[in-house]
Amino acid sequence: MTQSRDAFEARLRQIGAERYHDLHPFHDMLHGGGCSPDQLRAWVINRYYYQQAIPMKDAAFMSRVSDPDLRRKWRSRIEDHDGTETNEGGIRRWLRLAEAVGLDSDYVASTEGVLPATRFAVDAYLRFVRDKSLLEAVAASLTELFAPKIHANRIAGLLQNYDFADDYALSYFRNRLREAPKDVAFGLEWVLVHADTAEKQDMAAAALIFKTDVLWAQLDALWGAYVAPGRIPPGAWQPDTGLLLAQKAS
Ligand SMILES: O=C(O)c1cc(C(=O)O)c2c(n1)C(=O)C(=O)c1cc(C(=O)O)[nH]c1-2
């Protein structure tokens, strides 16, 4: 049976409450000050792979949209990450964070050393958006409903617990707090309107679950390689590599 708008929205929010990656133990460790400098670096390197894929994902989405109004609404997402004449954009801000934790930003941008499972998970998100229905693609982006809370916790936790953290290094997250609400308000409304049968509601919910898995799998990979048991896969980043020159000398 088709759920009412409110019941369907509550179902989507429940998926976040049960499965969003804010529940992953890596985030407790990161925000609580428990990460070593190398664990911070591993997170920044791997998470960059997600960041750089987001605008490609959004471009893949837009390439399939025939409605100019929907494309106009969507395209600011690409600008938020890639930047404009007046806004340096999220990818550059992420590289600022990389330098603040002692990494060479060219190394991070090369995406060498990204964990295989991170690559597989992120690439799967790109393929999902390329191949599935527009409804599933928009629904998958709705994990961002749950992101402002984790970004606010991250800003507070990093500022409190790590010497490297300051407003400059963390500007990525502050900007997302400003940018994400307009995206999710639009995306949520679009999904609530377009998921107008029980079957489409099920497809949208499954897409959101898929996306929570994409995020969770990345943190599991990070944990296995750099926390416990600490088994770094062949070819993945090794501590003491990819560092800023100043960092190497000190
Ligand atoms: O730090 C986070 O936990 C987090 C999560 C997510 C997310 O839920 O997918 C995004 C972001 N950050 C983010 O910064 C971002 O730009 C973003 C775009 C998207 C998307 O699927 O279109 N998710 C996310």
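The structure is a predicted model: local features need pLDDT of at least 70, side-chain atom pairs count only at pLDDT 80 or more, and totals for chains, interfaces and linings use all residues. Residues are numbered from 1 along each chain as its sequence is written. Helices (H or I, at least four residues) and strands (E, at least two) are DSSP runs, numbered from the N terminus.

**Two packed helices**

- Two packed helices are described by the angle between their axes and the distance between the axes.
- Axes are lines fitted to C-alpha atoms, for helices over the stretch in contact, and angles run from 0 to 180 degrees between N-to-C directions.
- The axes of helix H3 (residues 37-62) and helix H8 (residues 116-131) come within 9 Å and cross at roughly 10°.
- H3 is therefore roughly parallel to H8. Angles under 35 degrees count as roughly parallel, over 145 as roughly antiparallel, 65 to 115 as roughly perpendicular and the rest as oblique.
- On the H3 side, the contact includes Asn46, Tyr49, Tyr50 and Ala53. On the H8 side, it includes Thr118, Arg119, Val122 and Tyr125. Two residues are in contact if their C-beta atoms, placed from the backbone, lie within 7 Å.
- The residues of the contact of H3 with H8 are 10 nonpolar, two polar and three charged. Ala, Val, Leu, Ile, Met, Phe, Trp, Tyr, Cys and Pro count as nonpolar, Asp, Glu, Lys and Arg as charged, and the others, Gly among them, as polar.

**Nonpolar cores**

- In soluble globular proteins, nonpolar side chains tend to be buried together.
- A nonpolar core is a set of buried Ala, Val, Leu, Ile, Met, Phe, Trp, Tyr and Cys residues joined through C-beta atoms within 7 Å. A residue is buried if 20 or more other C-beta atoms lie within 10 Å of its own, exposed if 12 or fewer, and partly exposed in between; C-beta atoms are placed from the backbone.
- The largest nonpolar core has 32 residues. Val44, Ile45, Leu97, Ala98 and Leu222 have the most contacts inside it.
- Elements giving two or more residues to this core include helix H2 (25-31), helix H6 (90-100) and helix H12 (198-226). H3 gives the largest share of this core, six residues.
- A second, separate core has 28 residues, including Leu12, Val129, Val138 and Phe146.
- Leaving out residues up to four places away in sequence, Ile45 touches Leu103, Val108, Gly113, Val114 and Trp237.

**Around the ligand**

- The ligand is surrounded by Ile54, Ser141, Thr143, Glu144, Ala147, Ile150, His151, Arg176 and Leu215. A residue is near a molecule or strand if its C-beta atom, placed from the backbone, lies within 6 Å of it.
- H10 gives the largest share of this shell, three residues.
- The shell divides into four nonpolar, three polar and two charged residues.

**Buried residues and their partners**

- Val191 lies in helix H11. Val191 is buried, with 25 other C-beta atoms within 10 Å. The C-alpha atoms of Val191 and Glu136 are 55 residues apart along the chain but separated by 8.6 Å.
- Ile155 lies in helix H10. Ile155 is buried, with 20 other C-beta atoms within 10 Å. Its C-alpha atom is separated from that of Phe173 by 6.9 Å.
- Gln201 lies in helix H12. Gln201 is buried, with 22 other C-beta atoms within 10 Å. Gln201 and Thr2 are 199 residues apart along the chain, yet their C-alpha atoms are separated by 7.4 Å.

**A partly exposed helix residue**

- Phe120 lies in helix H8. Phe120 is partly exposed, with 13 other C-beta atoms within 10 Å.

- Most residues other than glycine have a negative phi, and most peptide bonds are trans.
- A cis peptide bond joins Ala228 and Pro229, with omega about 5°. Pro229 sits in the loop between H12 and helix H13 (245-249).
- Thr111 is not a glycine, yet it has a positive phi of about 60°. Thr111 is in the loop between helix H7 (105-110) and H8.
- Asp240, also not a glycine, has a positive phi of about 80°. Asp240 is exposed, with 10 other C-beta atoms within 10 Å.
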